[in-house]
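This report covers a predicted model of a single chain.

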Amino acid sequence: MTQQNVVVSETKTGINGGGSTITVAQKPPAAPGYIPIPRRRILKNLEINGGQRINTWIDSMRASSPTHVKSTPSLAEEYNSWILRHPSALDMFEQIMDASKGKQIVMFLDYDGTLSPIVDDPDRAFMSESMRKTVRQLARCFPTAIVTGRCIDKVYNFVHLAELYYAGSHGMDIKGPTKVSKYNKNKKAEEILLQPAREFVPMINEVYEQLVEKTKLTPGARVENHKFCASVHFRCVEEKRWIELAEQVKSVIKEYPKLRLTQGRKVLEIRPAIKWDKGKALEFLLESLGFANCNDVFPIYIGDDRTDEDAFKKLRDRGQGFGILVSKFPKDTTASYSLQEPNEASIV
């Protein structure tokens, strides 16, 4: 890892509320590089002279809508087949615990749709007190991290637990706990800080301003700036205006070949085109905790979104722990188990 990607400072954050000495684990993962995407390919994928790519976006946007999933004629049969491959983590709890015996459990949790319900207004995605209590108890027993697409300050304002690790902006902003726990007894007031995309902050700010301007006449569209990435929410946009919204986003992104577009649940995500994601963040945190080459570590990742698939796949590739997908509906996933609702995550 180069110094460009690791910051050592004494700046205030929304988490610690004061200066702190920042440390980085020994032998962290290699610095991320750019995903080599030629500008010609970017323009081709966006179909500047046609509508094929936009139609693909719209099909994907429809697929992420629960109302469209519900209309599937063979949903019950499909779900029964899917649940056999991804059984309920509640039903399999004893088996999961047996598999973790003698190993150090490390918990990774998405926020929206996992610790809080999906809501129309992202500023009101509050977690319940019972969920907060559950996460606090988890952190007393195991190293625990929140891995989210939101910026760290926003998610911390929802969670308010200083004993956790936080990986915001899809893992592009990582900070360690500022409260002493049994897992960082000798690291009081110290943090791990990794920002592999910090050079993109001015570009993201620029794109955010353009997206706000472009989408302001589309009722229900909501643009958020997550510091290292931006998002365009279409949960409250009428479906008949989705093409219009996709065109607006396309018109902005086509001018930024160093950015890429991904999609989550009713949201379009604009991110730096670097080789970094939630799976890389999970790997970095495991190494920071000293579990880089350990055979006795048991990571568990719970998430609900497409972006969580990178973390699920990382666990599969490592051959350690399990991924748990939160979803009422069948989805393609590399997670081993499933939960139907966020409140089930508080029971696991």
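Arg-222 is partly exposed, with a relative accessible area of 28%. Its salt-bridge partner is Asp-123, at 2.4 Å from N to O. The two residues belong to distant parts of the chain, 99 residues apart: Arg-222 is in strand E7 (residues 222-225), and Asp-123 is in the loop between strand E2 (104-109) and helix H6 (129-141). Asp-123 is also partly exposed, at 38% relative accessible area.

The whole structure contains 16 salt bridges. Three of them are listed here.

| Pair | N to O distance | Relative accessible area |
|---|---|---|
| Asp-123 and Arg-222 | 2.4 Å | Asp-123 38%, Arg-222 28% |
| Lys-313 and Asp-317 | 3.0 Å | Lys-313 46%, Asp-317 53% |
| Lys-328 and Glu-341 | 3.0 Å | Lys-328 44%, Glu-341 29% |

Lys-313 and Asp-317 are four residues apart in helix H11 (residues 309-318), so about one helical turn separates them. Asp-317 is exposed, whereas Lys-313 is partly exposed. The bridge between Lys-328 and Glu-341 ties together parts 13 residues apart in sequence, because Lys-328 lies in the loop between strands E12 (322-326) and E13 (337-339) and Glu-341 in the loop between E13 and helix H12 (342-345).

The chain has twelve helices and 13 strands. Of its 348 residues, 52% are buried. The accessible surface is about 16,300 Å², with 49% belonging to carbon and sulfur atoms.

Mean pLDDT is 83, and 76% of residues reach 70 or more. Residues 1-31 have pLDDT below 50, with 68 contacts beyond near neighbours in sequence. Residues 34-50 are also below 50, with 30 such contacts. Where pLDDT is low, predicted coordinates should not be read in detail.

Note on methods:
Residues numbered from 1 in each chain as written. Predicted model: local features only at pLDDT ≥ 70, side-chain atom pairs only at ≥ 80, totals over all residues. Heavy atoms only, no water. pLDDT = per-residue confidence, 0-100. Contact = heavy atoms within 4.5 Å. Buried < 20%, exposed > 50% of the residue type's maximum accessible area, 1.4 Å probe, protein only. Areas by Shrake-Rupley, 256 points an atom, 1.4 Å probe, with all protein chains shown as cover. Salt bridge = Lys/Arg side-chain N within 4 Å of Asp/Glu carboxyl O.
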